[in-house]
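Good morning, colleagues. Please look at the structure as it comes up.

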Amino acid sequence: MDSLKKDKLIIAKKKFDSRLIVGTGKYKSMSECAKAIKFSGAEIVTVAVRRVNISNKNKPLLMDYIDPKKITYLPNTAGCFNSKDALRTLRLAREIGGWKLVKLEVLGDKINLFPDMIETLKTTEVLAKEGFRVMVYCNDDPLMAKRLENSGADAIMPLAAPIGSGLGILNKINIQIIRKQTKLPLIIDAGLGQASDATIAMELGCDGVLVNTAIAKAKKPFEMALAFKNAVVAGRQSYNSGRISKTIMGNPSSPTKGII
Amino acid sequence: MKKIKIKVNGKVKTVLNNYKLSDLLKYLKIPIKKVAIELNQEIIDKKRTSNIKLKKDDKIEIVHFIGGG
């Protein structure tokens, strides 16, 4: 069981015990979000960069609820539809307090929220050259994943289904192909709906999962956060344990010798 | 004293002609350590805001982290 303790998620040379990354959007309040993070056991949370509300000076700040010294903030580029906006957003994020580990997501399609891979590739290259450590939201095309890797990405984060759809993993084969071809951290980023989806992702060999809506919009977000935490651990342990091979024949579990 | 119009986070504000960026941040009670600031699309070194005099039609963006997926 010692191997489990040593089994850390390593992203851009940083080590993490938890393989569950959670988003901080869509919660009813910041305190609800902070509590859900605690239940999830996540050590990395995604955050968005937005204008400060200058007309309400006393509005609470995310940093007052989630301490960036204890939890790794992963600034994202949600809402960016081109490379220029994504770069601007992440350069600002870095300026807030030295954040270099970032999540790049350049969307191309407002209806399905699919990533624009041409813009994503271009942006990854620029960010990597500027010293950012880039975790990249991408589609499930193994060829694109390879190109991202060659462009300097620090983690490949394909969708399992459209963002916020809750459909679960629709592309198991592609995820497995990407798993086989890359040593980079592979993290499922989008589309999960329930805890078992996270287990399946981990059993496919993913290094982690990123979940927001499935927890934030569950009827009981705290319970769901805990369920996802356990599901990720279970899936990882299952993956590490080496599953049996599949057979279409029955194979009795009890000895056939000595039957009375 | 002459007044000038500037834009802060998309909203028009009228300030005194000799207003500095640091004065504006103080007036808006901005927690400097938790934000990033852009002046006309260029990121500003937060330590140097008292050296920057605001000019007519300057566009200032002050951003921070909020919840997001």
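Buried residues account for 32% of the 69 residues in chain B; a residue is buried if 20 or more other C-beta atoms, placed from the backbone, lie within 10 Å of its own. This is a predicted model, in which local features need pLDDT of at least 70 and side-chain atom pairs count only at pLDDT 80 or more, while totals for chains, interfaces and linings use all residues. Residues are numbered from 1 along each chain as its sequence is written, with chains lettered from A and ligands numbered from 1 in the order in which they are written.

Chain B contains one helix and five strands, taking as helices DSSP runs of H or I of at least four residues and as strands runs of E of at least two, numbered from the N terminus. Along the sequence, the pattern of chain B is β-β-α-β-β-β. The C-alpha trace of chain B spans about 45 × 25 × 20 Å along its principal axes.

I turn now to the partner chain. In all, 27 residues of chain A are in contact with 21 residues of chain B, contact meaning C-beta atoms, placed from the backbone, within 7 Å. On the side of chain A that touches chain B, β4(A) gives the most, with six residues.

How many bridges join β4(A) to β5(B)? There are five, and the two strands run antiparallel; strands pair if DSSP finds at least two bridges between them. The bridge partner of A:Arg50 in β5(B) is B:His64.

Note on methods. Buried ≥ 20, exposed ≤ 12 C-beta atoms within 10 Å, placed from the backbone. Contact = placed C-beta atoms within 7 Å.
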